[in-house]
Amino acid sequence: MLEEFALPESWRSVLADETAQPYFRQLAAFVAEQRAEHQVFPPRGEVFSALQATPYERVRVLVLGQDPYHDDGQAHGMCFSVRPGTKVPPSLRNIFKELKADLGVETPDNGYLMHWAEQGMLLLNAVLTVRAHEANSHKGKGWEKFTDAVIRAVSDRAEPCVFVLWGNYAKKKLPLIDTTRHVVVQGAHPSPLSAKLFLGSRPFSQIDKALADLGHQPLDWRIPDLHQG
């Protein structure tokens with residue numbers, strides 16, 4: 001039951017207190033029960049993909065999403081990202097549209113954001129699992145408590161970083177962040193419901209400026225195309 005809930009090595013010690021708590025075992029039992037009775041996304045083994053791709057000591061930017069994609073073949077454990085070959089969802093299309101308008105980065109032919117994660121962008125959803133085709137179906141089961149602890153752990157590091165809070169849900173996490181040491185970039189969510197506010201907000205140049213102010217290199221925002229060469 002707890003096997004798929006084993007954290008990547010770099011996160012184990014900093015989150016040991018959380019994973020030892022009763023709620024975490026109850027959460028693991030709930031997800032195992034859901035997998036036995038329903039289709040659950042992301043697939044087993046990919047729940048902690050964001051933590052695996054971006055080790056604790058390498059986090060430079062934390063982007064907070066809400067709920068995993070709930071349609072077939074979309075969620076793989078990193079917020080806003082989809083596997084290569086999967087149709088790019090509307091929120092991510094708006095992200096790419098604004099990225100081009102803001103920094104001139106050409107829109108890629110896929111929505112796989114691993115290149116960002118490998119540069120230190122933690123693509124964290126607040127809830128890490130979902131029942132197929134039922135948005136927010138695993139809300140309030142314990143994930144929020146765990147991911148709040150992830151946010152606090154990053155905030156507690158000596159190394160400052162940039163927190164990106166898009167939309168009202170993400171902005172509620174502001175009290176978890178030490179804003180005297182870290183930079184917070186806030187704005188509208190890129191979903192079609194708030195796209196008019198997101199488009200034109202230039203968050204990517206804000207992130208790069210914040211990184212520079214903290215002494216970090218800017219991100220290489222270019223997502224490799226699947227059909228290069």
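I began with Phe 146, which counts as buried because its relative accessibility is 0% (buried means under 20% relative accessible area, with a 1.4 Å probe and protein chains only). The model is predicted, so I noted that local features need pLDDT of at least 70, side-chain atom pairs count only at pLDDT 80 or more, and totals for chains, interfaces and linings use all residues. Residues are numbered from 1 along each chain as its sequence is written, and side-chain values use heavy atoms, with hydrogens and water left out.

I next looked up a pair across the chain: Trp 166 and Phe 198 are edge-to-face, 5.2 Å centre to centre with 85° between the planes (rings of Phe, Tyr and Trp, the last by its six-membered ring, pair if their centres lie within 6.5 Å, and planes over 60 degrees apart count as edge-to-face). Trp 166 belongs to strand 5 (residues 162-166) and Phe 198 to helix 9 (residues 195-198), 32 residues apart (helices, H or I with at least four residues, and strands, E with at least two, are DSSP runs numbered from the N terminus). Trp 166 is buried, with a relative accessible area of 6%, and Phe 198 is buried at 0%.

Last, I checked a charge: Arg 157 lies over the face of Tyr 56, 5.8 Å from the ring centre (NZ of Lys or CZ of Arg must be within 6 Å of the centre and within 35 degrees of the ring normal).

Terms used. Buried < 20%, exposed > 50% of the residue type's maximum accessible area, 1.4 Å probe, protein only. Phe/Tyr/Trp six-rings, centres within 6.5 Å; stacked < 30°, edge-to-face > 60°.
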